[in-house]
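Please guide a reader through the structure shown below.

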Amino acid sequence: MQLAIENVSKRYGRGNWALRNFTLQLGPGVLGLLGPNGAGKTTLMSILATITRATDGHVRWNGTDIASNPDGLRATLGYLPQDFGVYPNLNAVEFLEYLAAVKGLDAPASKRRIDELLNLVNLADVRKRPLGGYSGGMKQRVGIAQALLNDPQLLIVDEPTAGLDPEERVRFRNLLSELSGERIIILSTHIVSDVEATATDIALISQGTLVAHASPEELLRRVEGKVWEWVIPSADLNAARQRYLISNTARRSDGVHARVLGEKPPDGAQPLTANLEDAYLFCLTKYRAGTVSPSIEAGVVA
Amino acid sequence: MNSARVLYHMVRADFLERLRRYSFLLTLAGALWVAYAVATEEVWIVVGNGYRGVYNSAWIGALMAICCSTFLSLAGFYIVKNSVQRDTDTRVGQILAATPMRKDFYTIAKTLSNFAVLACMVGILMVAAVAMQLMRAEAHSFSLWKLWAPFIFFALPTMLLAASAAVLFETLPLLRGGVGNIVYFFVWTAALALGVTGLDDPTGLQLLYRSSRQTLHAIDPTDNNNFHFSLTIGGEHAVRTFPWNGIDWTTNVLLIRLGWIAVAVAIAYTATIFFHRFDPARSWFKRRALSAVTPPASAVQESAPSHNLSAAHLSPMPQPRSGIPFFRIVAAELRLMLKGKRWWWYLVAAGLAIACIFAPFDAARGGVLVAAWLWPIFVWSPMGSRETRHATESLIFSSPRALSRQLPAIWSAGVLVALFAAGGVGVRLLINGDHHGLAAWFGGAVFIPTLALALGVLTGGSKAFEALYIIWWYMGPAHHIPGIDFMGTTPASSSPVPYLIATVLLLAAAYWRRRTRMAYA
């Protein structure tokens, strides 16, 4: 099972490039696709889900170009788009039955699967209620259920935890971890904690370009010894922001505790254990400053 | 910020939003087509015994203005009846609702913005009128006042009426959707009929009638009895001309036109009463959907989480089969089409279907069939646009063979609805051995859903089909007019061949358009 993204670029009309020469090889596991808003994550997801066509480059599913055989991928694809709708007059069962028919799934097997999925996403007790009356989080869970209808080998989820309450968010993270055995899961998000909890691999994307592809441990290693806690008076905070990359602040009785990222610590700063958010910010900042070569970073783990 | 400034910015933002859409270009193209049709005498006014006015400034201005106030007041309504809905869809409405915006400001702003769009079309025809007089050169004197006054006093008030009616319809829960599209057609027909009864109608037809009759009477007194006046599309052209110098815009005439402007303002203010200010609790349809099927206690509660289930409990799924029976997808589409219809809808549909079987044959073919194929209009109208409207495209387009199976399944479901609705007539035609009638009936059964599907896919909405179908239905089958009777309601109805050919072409257009929307077929 392999998904190969080879020099994929996407340009909308004559406008800006949303993706440029994006290359990535994926095997079973959870890939966390992290990037700021407008980085090109959703464009990449749409290309992989056969919704939109790349301007340049190829995507190969088990060696076959999806442009020549899109249905080969679609048959085994589960896709949860960032923005999707539902038919308000149908209930959850009817909606999933409809999508199962469109996906060409076997009727008795899909009926059983729908029951199980509705239990899994906690919608069993509202299964007969029209989707028009569902809250945003409940609709999102219907979206998760439809993505799992065909037991996909490639599961693409774009901002899946948007609109979920903290409890459901944790449940969804656990679900992704459980599903990750013999399938490829691509989780696109800008919420670092979602990736931290589930991803076996992380791809950082910015301005349509792959900034880094590494394991979480490798990314953390890269920022090790570069995170500091610096206690400063409140009045000095703005000046400190001008000089250092500060990822977080907390006001305490002795002043502001600033989390500083940098090669060298400010005077009096104490070292801290790095987390993935630090690594994310560090890599992106260095990339924007032009001090990280995407090709080298991308090659670290791939 | 003063009130005028608030109103100005509300109108401006809404107008600019529409101005920058491709649909606005289509609107302007439609206006240009009307201008062309008038210039080439495809549309003309015949008065008395085969007279028309000399193409001087007054006659050209009146003719084009009347075209605006009649045709564009119908088409224009459908074009602009989406401004409140757009604010709902884009959720801009919720932002506006959280501001100190007054409800009457909102409805007046929407009316003015609608009016601005329609006034652009009128403006194009005003310029076209100048070009038309110069090109035809039938009269040498040129008067901009005589040319444009009918636009100002006939067309613009009518456009304001259509603009305010569109806002009122959008704020009334019952008229917000497809029902409103149909109701407006009959309101528009009734408004035109006012002129026939001798009253001053909103379009100005009656004023033009009186003025031209008076002028013609002075020239040809014999023509006074059974005076004929009609706005005509196509047909034989008038052979005689008479000079007409325009309407005398007296205070009385202007007051009549001002009266219609007042009616338009009153309609816009009436809309304020019904405007829901984007409060979901005041959304009639949502309330109905919730109350109809939801136990009150659980209506607002999220489902309780359970913790003993995991992905490990999921049954394995066999891979999708390419040979899944097509009827399953058709059945799924059919269920989607019919879901949400109320019991009385089914009752009427069943009554009409039964009447198609048991009513006297001529009545079944001529009257019941016409009704039976009008009743499912809202079943057909979302065909092809449902995925866009409900944002399910990405879910469906990422499914295997979505183009080659789902689109034909939608079409098949639509045809099945037509066959169920009026199958009795088809069976009786078959039993009677009326093969021509059967072919005409079958032509209608496939043409109607195909038209719905194609227009849905091409326009991304249901309104185009609803508007076109009701007008065509009224002009053709309802009046049994040969040539445009696509249902074959009488033995003299037109041949089904053109409709079968149109069906194939429309299907091809729908397939092509859907194909271009998908990255891979």
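B:Leu231 is found in strand β3 (residues 229-233) of chain B, where strands (E, at least two residues) and helices (H or I, at least four) are DSSP runs numbered from the N terminus. The model is a predicted one, in which local features need pLDDT of at least 70 and side-chain atom pairs count only at pLDDT 80 or more, while totals for chains, interfaces and linings use all residues. Residues are numbered from 1 along each chain as its sequence is written, and chains are lettered from A and ligands numbered from 1 in the order in which they are written.

Is B:Leu231 exposed, partly exposed or buried? B:Leu231 counts as partly exposed because 17 C-beta neighbours lie inside 10 Å. By definition, a residue is buried if 20 or more other C-beta atoms lie within 10 Å of its own, exposed if 12 or fewer, and partly exposed in between, with C-beta atoms placed from the backbone. B:Leu231 and B:Ile45 are 186 residues apart along the chain, yet 4.5 Å separates their C-alpha atoms. When neighbours within four places in sequence are left aside, B:Leu231 is in contact with B:Ile45, B:Ile66 and B:Thr70; two residues are in contact if their C-beta atoms, placed from the backbone, lie within 7 Å.

The domains of chain B come next. The assignment for this chain gives domain 1 (3-285) and domain 2 (326-517), with bounds that come from an automatic or database domain assignment. Their C-alpha centres lie 32 Å apart. Domain 1 of chain B brings 5 residues to the contact and domain 2 of chain B brings 10 residues. On the domain 1 side, the largest share, 4 residues, comes from helix α8 (residues 178-196) of chain B. That side of domain 1 has 3 nonpolar, 2 polar and no charged residues. In this classification Ala, Val, Leu, Ile, Met, Phe, Trp, Tyr, Cys and Pro count as nonpolar, Asp, Glu, Lys and Arg as charged, and the others, Gly among them, as polar.

Two packed helices are described by the angle between their axes and the distance between the axes. Helix α14 (residues 361-372) of chain B and helix α18 (residues 402-432) of chain B pack at an angle of about 155 degrees, and their axes are 9 Å apart. Axes are lines fitted to C-alpha atoms, for helices over the stretch in contact, and angles run from 0 to 180 degrees between N-to-C directions. α14(B) and α18(B) are therefore roughly antiparallel to each other, given that angles under 35 degrees count as roughly parallel, over 145 as roughly antiparallel, 65 to 115 as roughly perpendicular and the rest as oblique. The crossing of α14(B) past α18(B) is left-handed, a term used if the near helix is turned anticlockwise from the far one by less than a right angle, whereas clockwise gives right-handed. From α14(B) the contact draws on B:Phe361, B:Ala364, B:Arg365, B:Leu369 and B:Ala372, and from α18(B) on B:Ala421, B:Ala422, B:Gly424, B:Val425 and B:Arg428. These residues divide into 7 nonpolar, 1 polar and 2 charged.

In chain A, the domain assignment gives domain 1 (3-213) and domain 2 (221-292). The centres of these two domains, taken over C-alpha atoms, are separated by 34 Å. Between them, 8 residues of domain 1 of chain A are in contact with 7 residues of domain 2 of chain A. Two or more residues of the domain 1 side come from each of α7 (192-198), β9 (201-206) and β10 (209-214) of chain A, and α7(A) gives the most, with 3 residues. By class, the residues on this side of domain 1 are 6 nonpolar, 1 polar and 1 charged.

Within chain A, strand β2 holds A:Ala18. A:Ala18 is buried, because 23 other C-beta atoms lie within 10 Å. A:Ala18 and A:Gln207 are 189 residues apart in sequence and 7.1 Å apart in space, C-alpha to C-alpha.

Finally, the two chains meet in a contact that takes 58 residues from chain A and 47 residues from chain B. On the side of chain A that touches chain B, α4(A) gives the most, with 7 residues.
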